[in-house]
Amino acid sequence: MTMQAASTEIASRTAAIIHEMKGLEGPLLPILHGIQEEFGHVPQASLPVIAEALNISNAEVHGVVTFYHDYRSHPAGRHVLKVCQAEACQSMGSDAVAAKLQQLLGIGFHETTRDGSVTLEPVYCLGLCACAPSAMLDGQVIGRLDDEKLEEIVAEARS
Amino acid sequence: MGLIQEIDFGTPASTSEKQVTLTVDGFTVTVPEGTSIMRASMEAGIAIPKLCATDMVDAFGSCRLCLVEIEGRNGTPSSCTTPVAPGMVVHTQTGKLKDIRRGVMELYISDHPLDCLTCAANGNCELQTQAGVVGLRDVRYGYEGDNHVFKKNDGVENFRWMAKDESNPYFTYDPSKCIVCSRCVRACEEVQGTFALTIEGRGFGSRVSPGMHQPFIDSECVSCGACVQACPTATLSEKSLIQIGQPENSKVTTCAYCGVGCQFKAEMRGDELVRMVPYKDGKANRGHSCVKGRFAYGYSTHKDRILKPMIREKISDPWREVSWEEALTHTANEFRRIQYQYGRTSIGGITSSRCTNEETYLVQKLIRQGFRNNNVDTCARVCHSPTGYGLGQTFGTSAGTQDFDSVEHTDVVMVIGANPASAHPVFASRLKKRLRKGAKLIVLDPRRTEMVKSAHIEAEYHLPLKPGTNVAVVTSLAHVIVTEGLFNEAFIRERCDWDEFQDWASFVALPENSPEVVGKLANVDPDLIRGAARLYARGGNGSIYYGLGVTEHSQGSTTVIAIANLAMATGNIGRKGVGVNPLRGQNNVQGSCDMGSFPHELPGYRHISGDAVRDIYESLWGVKLDDEPGLRIPNMLDAAVDGSFKGLYVQGEDILQSDPDTKHVAAGLAAMECVVVQDLFLNETANYAHVFLPGSTFLEKDGTFTNAERRINRVRKVMSPKNGLADWEVTQKLAQTMGLDWNYQHPSEIMDEIAKTTPSFAKVSYAYLEEMGSVQWPCNDKAPLGTPIVHVDGFVRGKGKFIRTEYVATDEKTGPRFPLLLTTGRILSQYNVGAQTRRTDNVMWHSEDRLEIHPHDAENRGLRDGDWVRLTSRSGETTLRALITDKVSPGVVYTTFHHPDTQANVITTDFSDWATNCPEYKVTAVQVGASNGPTEWQRDYNEQAEQSRRIAPLQAAE
């Protein structure tokens with residue numbers, strides 16, 4: 001597929017999502033969620049289409065997309081592992097947890113393993129401070145992390 | 001002289017009429033309700049430290065430097081976001097506040113480069129000033145670690161660092177100096193209304209992003225400069241400032257581009273212009289600007305500018321540089337010879353809408369007093385002469401009814417045949433601001449312009465009418481208003497003649513004027529016409545703004561009358577927020593009309609046949625004036641072709657490029673024996689000139705321009721004329737050489753003569769303008785402060801006059817040979833024939849004229865975007881490249897006329913307005929087809945132009 005065709009394809013799929021959600025109050029975030037669900041990320045080519053439809057500027061859409069960490073500019077791996085790095089978890093050793101995970105997976109934060117199985121990301125508080133240090137694998141929260149649990153998580157994610 | 005410093009009050013003024021009194025640091029201050037504490041303090045002379053606040057944009061409260069303490073309230077609220085309250089006691093400087101501010105400033109500085117000595121903002125940096133103001137002495141955090149400042153940290157690439165963006169030709173964006181105060185983003189949104197900037201990311205990663213993290217030039221940015229003006233650091237800096245250094249003196253002057261009449265501070269270092277900064281007290285622009293006025297002044301020092309007078313015997317000869325004396329003596333002798341040989345009326349002149357009132361007045365005076373005829377005309381002939389006629393007939397004044405501030409009070413705006421976003425950008429920004437606050441918009445335009453839909457604004461109704469059907473559609477709006485009983489009977493009975501209204505009402509109510517009938521011939525859905533009419537009549541304050549899409553038609557005057565009828569019928573005249581407003585194309589087109597540039601009128605629109613008026617001038621000038629109107633521009637050219645008109649003095653107008661039917665203009669000029677062109681450049685008309693008198697720019701002379709709202713603005717000299725003489729001096733010397741006793745020492749003396757002889761200018765003088773800033777005519781004993789809004793208590797002519805507006809289709813019709821309609825317009829970055837803007841970096845945005853064509857029409861002809869196409873009309877043909885877009889409707893094509901290579905006016909016909917001869921630029925039947933390149937005419941023309949621009953090398957002195 002040529003670049004041109006790819007962006008036309010993105011535009012038409014984006015337009016369909018916009019059409020569905022344009023009537024909502026404050027439609028931009030729901031539309032972006034829809035797009036991320038559709039493509040696995042928010043492709044740059046969809047931004048002008050959203051701007052045109054909502055009659056706002058490209059810059060404004062870009063500002064919103066980049067404000068939220070959860071909107072990705074590139075597709076993630078098959079699993080997304082988020083490790084809390086906020087204060088409570090820090091006090092319970094989340095630095096070491098992060099280091100261990102990076103070592104096990106062989107990647108740093110914001111990176112995806114070569115086989116495309118896991119993307120590792122920091123997150124700032126999962127609301128699980130009482131069970132710190134904590135993480136979240138594909139939307140499922142896991143508390144009281146220790147080395148054993150981390151190895152389990154990695155094994156599961158890589159499988 | 002020194003630099004003019006404007007006080008930054010931090011937040012915009014409140015318009016409330018209720019006053020509130022409070023105490024700031026022990027001083028009592030009274031301000032309108034809704035004012036911020038920051039602004040109130042500044043009113044009392046106490047400057048609270050601030051970084052993210054500036055009075056061009058709303059308070060934001062992000063920098064946390066402007067905190068204050070208020071007795072009886074907890075904490076330390078930000079003074080920019082906290083409104084005043086009665087009896088409030090504010091402390092702006094306490095121990096606690098000092099500590100907080102120092103702490104905040106320490107954080108800012110810890111991520112800011114300390115290259116102050118070599119920084120472009122050195123000497124005018126708000127960050128530097130505020131660091132000084134808060135007493136910052138130490139930065140405990142150091143400069144190591146995470147930062148946006150250094151390209152490398154400990155030899156490793158710093159991913160937060162971003163290179164300078166120098167893509168815009170006029171300013172740079174250096175992200176390493178940014179403090180993320182958002183002032184640029186807010187200025188782009190609130191002031192300009194483009195929304196091209198945003199803050200991307202969050203927290204420490206936040207930074208300003210044009211578009212979607214693009215270079216400025218590729219983003220939605222329109223280069224208005226509002227962000228640069230708002231930036232408190234050197235992050236956004238004019239390239240000229242970086243190159244030259246900080247200015248040391250400035251004067252307030254008026255932009256010489258469009259009819260909005262923006263005021264600028266021309267900031268100078270010595271006699272070098274550093275930058276033009278919009279002036280906040282400028283009543284038309286209120287501190288805003290566009291890419292032309294703000295940045296496109298480079299033409300004044302362009303290498304093409306001619307600085308020495310030149311003459312030649314024949315237009316096929318090369319030019320010969322001569323002294324001023326020789327050029328003027330030659331001109332005077334030639335004009336006298338021609339008059340002796342061919343008669344008194346065989347010569348004439350054209351005044352310039354680009355020059356000052358004083359200069360225009362002198363040119364028409366030279367023609368009337370020196371040439372002893374009325375063969376004077378001006379370029380308003382080809383743009384807004386129908387406005388003069390139409391509004392004169394219906395209301396009694398040949399000018400717009402409102403000031404620009406009025407737009408802040410309007411509820412429904414009807415824009416007809418105008419694209420202010422391109423042609424009057426500062427007005428467009430003010431209009432968009434009002435629209436974002438809820439006013440409704442109706443657009444009548446064949447194209448879907450930026451006004452119809454752009455970020456945060458959208459027209460309620462867009463009537464994409466077929467070019468040439470204005471009268472039918474506007475009359476049809478009146479049909480709806482009359483037949484549905486939406487007219488304002490009380491207003492009409494009081495202000496207008498009821499019988500005339502009834503006659504008019506019975507005419508517009510005829511079935512042939514109904515939207516259903518008109519809709520068919522104009523290709524507009526009748527429901528849109530009905531909806532628009534109801535909205536305009538019932539939506540509150542209704543105002544109409546129109547442009548050349550109204551006037552440049554065979555029925556231009558009729559449309560102006562139809563618009564006036566609409567305003568009178570709905571009572572939308574004589575108060576804030578309403579009215580009928582022509583958007584004037586040129587800086588002083590209003591003024592040149594006011595100054596008696598038309599062959600039938602003396603200054604102040606007084607007909608030449610009036611004995612009393614002629615008496616005034618005859619006794620002052622000591623000559624007998626011709627009581628018959630003279631020749632209009634087209635008549636002069638016709639007479640030249642016929643052999644009875646032989647000499648022309650053209651000041652600052654390029655009739656060959658801007659007037660219709662280029663071939664006819666060329667033939668007329670070629671038939672003359674002495675064509676004198678006074679201009680900055682060897683323009684297209686100069687190809688046919690025998691004498692070239694170099695002109696001066698608006699920066700080089702004193703004078704006044706009158707803008708579209710009748711506002712007389714001062715033009716102030718900031719440098720001496722590079723050609724040696726200001727334009728008024730050239731005309732005066734020519735007059736003296738022709739034997740007239742003129743002895744003006746300064747343009748103010750010319751204004752005194754204008755005021756003495758013209759009732760509507762009676763109180764105007766340079767001293768008065770100095771005191772008032774500017775005034776809107778009429779300004780006399782009846783209206784000593786000038787007249788922001790006319791027809792307040794009644795129409796100037798007495799009773800407003802309803803006139804029937806019968807639609808007569810233009811003779812320019814489509815048919816099998818010419819199936820498409822061509823209409824023309826402008827683009828933001830270029831100005832008119834482009835003589836000035838083409839000689840600036842503005843060409844980066846628009847380097848050629850393109851033909852906009854609908855995909856459907858393009859496909860039928862096998863054309864692709866960017867293809868060379870041949871554009872043919874009954875008059876001629878030219879070639880240019882196609883731009884395929886659905887902004888134009890099928891059957892309509894559009895182009896701009898900024899580049900002489902395109903020669904769009906080879907295509908336009910010589911049809912013109914029935915009342916005023918204003919040419920029908922906006923409708924030409926054409927055919928479009930594939931082409932290999934320039935036409936024979938274009939090649940011949942370019943060859944002739946090149947030949948005629950030769951300047952002979954100077955002979956070595958013997």
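**View 1. Burial of Asn723(B) in a predicted model.** Asn723(B) is buried, with a relative accessible area of 4%; buried means under 20%, exposed over 50% and partly exposed in between, with a 1.4 Å probe and protein chains only. The model is predicted, so local features need pLDDT of at least 70 and side-chain atom pairs count only at pLDDT 80 or more, whereas totals for chains, interfaces and linings use all residues. Residues are numbered from 1 along each chain as its sequence is written, chains are lettered from A and ligands numbered from 1 in the order in which they are written, and side-chain values use heavy atoms, without hydrogens and water.

**View 2. The loop that holds Asn723(B).** Asn723(B) sits in the loop between β31 (711-715) and α25 (727-737) of chain B. Helices (H or I, at least four residues) and strands (E, at least two) are DSSP runs, numbered from the N terminus.

**View 3. Surroundings of Asn723(B).** Leaving out residues up to four places away in sequence, Asn723(B) touches Arg305(B), Leu307(B), Trp324(B), Pro694(B), Gly695(B), Ser696(B) and Glu700(B); a contact means heavy atoms within 4.5 Å. Pro694(B) is 29 residues from Asn723(B) along the chain, and their C-alpha atoms are separated by 6.2 Å. The side chain of Asn723(B) reaches the backbone oxygen of Gly695(B) at 3.2 Å.

**View 4. Chain B as the setting.** Chain B has 29 helices and 38 strands. Its C-alpha trace spans about 90 × 85 × 65 Å along the principal axes. Of the 958 residues of chain B, 63% count as buried.

Note on methods:
A polar contact is a pair of N or O atoms within 3.5 Å; within protein, one must be able to donate a hydrogen and the other to accept it, and residues adjacent in sequence count only if both atoms are side-chain atoms.
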